Amino acid sequence: MHSGAGKKRRRRYGGLPNTEGYPRRVSPGGIFRGEVGNREWHILRLRALRRWQQVTPGMGDLIKAARNGEWGPLLRAAALTPGKHWAENSRCSGQDPELFTPLSDGPREDPDEVRHFQGITLNRPLNFCASCPLAVAARCLVESLRLDDEYGIRAGLLASERSALRGAWKRRIDAEAVSAVLRGVPTVLNEAEREEVISRFASDPILNATRVAWGLGIPRKYLWQLVREHNQSSQSTPSAAA
Ligand code: SF4
């Protein structure tokens, strides 16, 4: 049975009991319950837990590097799971996709709020991601960025947590990746990098068409079509401006 004081506390804090009178407890991040309100305590605790968050070992470093603009480590890890059927080796293979699409999560949401409201329902999908092989999780994240997946959990990241990464992915031109494709090494590219490859190939007659087509993963015929389109658009741009 609840006491009158307890009811007052619950009213004051939007239906949740205040932390006053609770045993002093400490979160993994070293935050003491009792120093802040209950809701703030949960949000701070979630932030602290995120540092501990179970992601595939090594994946945290790849994500951190990508957030700092170093995409090479993530792309190299993703390249270790080549081919179209990479998802067959994923831990979520055969699982209900809805499990990985939490309600209320989206590109414009606050990840802390989403985690607060979803609570333990996120444990199951995140545990699947945490046990996914590193190369598969890396490929999963790269594919989600390449396809610009706005919703759903990928590689242990909520949709709301991938927003900034998606924006950075669209803007980046990785010189190493462009150069690899021009040498005929199959590499996952974003749209800006793909255009850079076509532009470099169109202006450099020394580059080998078979190699570039192989690096892009497209037939030679289609490569030449892209070059023609590129040349037409670059010829039409000055006249449009004039
Ligand atoms: S990392 Fe990607 S492929 Fe692996 S379980 Fe999570 S969502 Fe599935």
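# Notebook: an all-helix chain and its ligand shell

I read the protein chain along its sequence and got the pattern α-α-α-α-α-α-α-α-α-α-α-α. That is 12 helices and 0 strands. I keep in mind that this is a predicted model.

**Entry: the chain as a whole.** I looked up burial first. The protein chain has 242 residues, and 39% of them count as buried. Then I looked at contacts with a separation of 6 or more. Residues 24 or more positions apart account for 57% of these.

**Entry: the ligand shell.** Which residues are around the ligand? I listed Ser90, Cys92, Phe128, Cys129, Cys132, Ala137, Cys140, Ile153 and Ala155. I sorted the shell by class and found 8 nonpolar residues, 1 polar residue and no charged ones. Helix H6 (123–130) and helix H7 (134–146) each supply at least two residues of the shell.

**Entry: Ala155.** I came back to this shell residue for its backbone. I noted the background: most residues other than glycine have a negative phi. Is Ala155 buried or exposed? Its relative accessible area is 6%, and buried means under 20%, so Ala155 is buried.

**Entry: Asp148.** I found another positive phi in a residue other than glycine at Asp148, near 55°. Asp148 also has its place in the loop between H7 and H8. At 29% relative accessibility, Asp148 falls between the 20% and 50% limits, so it counts as partly exposed.

**Entry: aromatic pairs.** How many aromatic pairs are there? I count 3. I wrote up two of them, starting with Trp71 and Trp169. Their ring centres are 5.2 Å apart and their planes stand at 75°; over 60 degrees counts as edge-to-face, so that is the class of this pair. The pair links distant parts of the chain, 98 residues apart. Trp71 is in the loop between helix H3 (59–67) and H4, and Trp169 is in helix H8 (residues 159–171). I checked both for burial. Trp71 is buried at 4% relative accessible area, and Trp169 counts as buried at 2%.

Next I took Phe100 and Phe128. Their ring centres are 6.1 Å apart with the planes at 40°, which lies between the 30 and 60 degree limits, so the pair is tilted. Phe100 lies in the loop between H4 and H5 and Phe128 in helix H6, so the pair ties together parts 28 residues apart in sequence. Both are buried.

**Entry: a charge over the tryptophans.** I asked what Arg172 does at the Trp71 and Trp169 rings. Its charged end sits over the ring of Trp169, 4.0 Å from the centre. Arg172 also lies over the face of Trp71, at 5.4 Å from that ring centre.

**Entry: Thr81.** I found Thr81 in the loop between helix H4 (72–79) and helix H5 (111–118). At 8% relative accessible area Thr81 is under the 20% limit, so it is buried. What does its side chain have as a polar neighbour? A polar atom of the Thr81 side chain lies 3.3 Å from the backbone oxygen of Ala135. I then left aside neighbours within four places in sequence. The contacts of Thr81 are Trp86, Ala135, Val136 and Arg139.

**Entry: H4 and its cover.** I listed the buried residues of H4: Gly72, Leu74, Leu75, Ala77 and Ala78. What covers them? The cover includes H3, H7 and H8. I noted the helix geometry too: an α-helix has 3.6 residues a turn, so residues three or four places apart point the same way.

**Entry: Lys64.** At 56% relative accessibility Lys64 is over the 50% limit, so it counts as exposed. I also took a distance to H4 residue Leu74. The C-alpha atoms of Lys64 and Leu74 are separated by 9.7 Å, and the residues are 10 apart along the chain.

Key: Residues are numbered from 1 along each chain as its sequence is written. This is a predicted model: local features need pLDDT of at least 70, side-chain atom pairs count only at pLDDT 80 or more; totals for chains, interfaces and linings use all residues. Side-chain values use heavy atoms; hydrogens and water are left out. A residue is near a molecule or strand if one of its heavy atoms lies within 4 Å of it. Helices (H or I, at least four residues) and strands (E, at least two) are DSSP runs, numbered from the N terminus. Ala, Val, Leu, Ile, Met, Phe, Trp, Tyr, Cys and Pro count as nonpolar, Asp, Glu, Lys and Arg as charged, and the others, Gly among them, as polar. Buried means under 20% relative accessible area, exposed over 50%, partly exposed in between (1.4 Å probe, protein chains only). A polar contact is a pair of N or O atoms within 3.5 Å; within protein, one must be able to donate a hydrogen and the other to accept it, and residues adjacent in sequence count only if both atoms are side-chain atoms. Contact means heavy atoms within 4.5 Å. Rings of Phe, Tyr and Trp (its six-membered ring) pair if their centres lie within 6.5 Å; planes under 30 degrees apart count as stacked, over 60 as edge-to-face and the rest as tilted. A charge sits over a ring if NZ of Lys or CZ of Arg is within 6 Å of the ring centre and within 35 degrees of the ring normal.
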